[in-house]
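Dear colleague,

My notes on what was found in it come after, and I would be glad if you read them with the coordinates open.

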Amino acid sequence: MNRILIAEDEANIVSFLEKALRKHGFTTTSASKGQDALELALSSNFDLLILDLGLPDKDGLEVLAELRGQGQTLPIIILTARDDINDKVCGLEGGANDYITKPFRFEELLARVRVQFRHLQESVPQKENILRASNVSLDLRARQAKVEGELVELSAKEFFLAEIFLRHPGKVFSREELLDRVWGYDYDPSSNVVDVYVGHLRKKLGNDLIETVRGMGYKLQV
Ligand code: CA
């Protein structure tokens, strides 16, 4: 829980950050190009990314967008000389967790890094972010479903419905309850949308996953 990736092209800033962060017990890796940072962040297990916006090959905001687009959820602190408010808004809307403007004091960066690590530690441990039932797994952070380890596309509502079943193995849910939870109270209670979506889940995640309980509703097969 202390691996930091630094994406920054100014060598003096990199060496300053690496030295200071290591002194405080963090492990650091650095990348001077956006593409390298992107690949490292996607392929390795880092706990935090410090991301400069002005990188030579690929803009930091693009790196950010690609990471979030691919479901990478690691905390990202943007570090940049640009103090333009538009960049801040873009960065935060693009999924950055925090923002720090150069020149900065190391103590300020350290404080912000620690806030991110505190959030990580307070959130549910990694393994509990994955729900499993037979050969199906749901990654709640990346919002990804897998069957036998293979990714399966689910819509947001399908995922939410599957999540409800996997969170409560064996519990019987009535159609009304599922309708309320997934589609909201103002949905027409005579709608067959729940049955249609259970059908989708059976097709995508396996026929036996969700059992029909006659006259009552549905439950996860245990
Ligand atoms: Ca730069």
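Two strands are taken to pair if DSSP finds at least two bridges between them, and helices (H or I, at least four residues) and strands (E, at least two) are DSSP runs, numbered from the N terminus. This is a predicted model, in which local features need pLDDT of at least 70 and side-chain atom pairs count only at pLDDT 80 or more, while totals for chains, interfaces and linings use all residues. Residues are numbered from 1 along each chain as its sequence is written, and side-chain values use heavy atoms, with hydrogens and water left out.

With those terms in place, F173 has Y218 as its bridge partner in strand 12, and strand 10 and strand 12 run antiparallel, joined by two bridges. Strand 12 (residues 217–220) is also joined to strand 11 (residues 210–213), again antiparallel, by four bridges, with I210 opposite L220. Three residues lie between the strands of this hairpin, where G215 takes a positive phi near 75 degrees. The three strands form an open antiparallel sheet in the order 10-12-11. Its edge strands, strand 10 (172–173) and strand 11, each pair on one side only.

Helix 8 packs on this sheet and touches strand 11 and strand 12, contact meaning heavy atoms within 4.5 Å; the direction of helix 8 makes about 145 degrees with that of strand 11. The axes of helix 7 (residues 175–183) and helix 8 (residues 193–205) come within 9 Å and cross at roughly 80 degrees. Here axes are lines fitted to C-alpha atoms, for helices over the stretch in contact, and angles run from 0 to 180 degrees between N-to-C directions. The two helices are therefore roughly perpendicular to each other, a term that covers 65 to 115 degrees. R175, L178, L179 and W183 in helix 7 meet V193, V194, D195 and Y197 in helix 8.

Elsewhere, a calcium ion is coordinated by D9 (OD), D52 (OD) and G54 (O) at 2.2 to 2.4 Å. Donors are N, O and S atoms within 2.8 Å of the metal (3.2 Å for Na, K and Ca), and the site may look incomplete because water is not among the atoms. D9, in the loop between strand 1 (3–7) and helix 1 (11–23), and D52, in strand 3 (residues 48–52), are 43 residues apart, and the pair links distant parts of the chain. At 32% relative accessibility D9 counts as partly exposed, whereas D52 is buried at 2%; buried means under 20% relative accessible area, exposed over 50%, and partly exposed in between (1.4 Å probe, protein chains only).

Technical notes: Angles under 35 degrees count as roughly parallel, over 145 as roughly antiparallel, 65 to 115 as roughly perpendicular and the rest as oblique.
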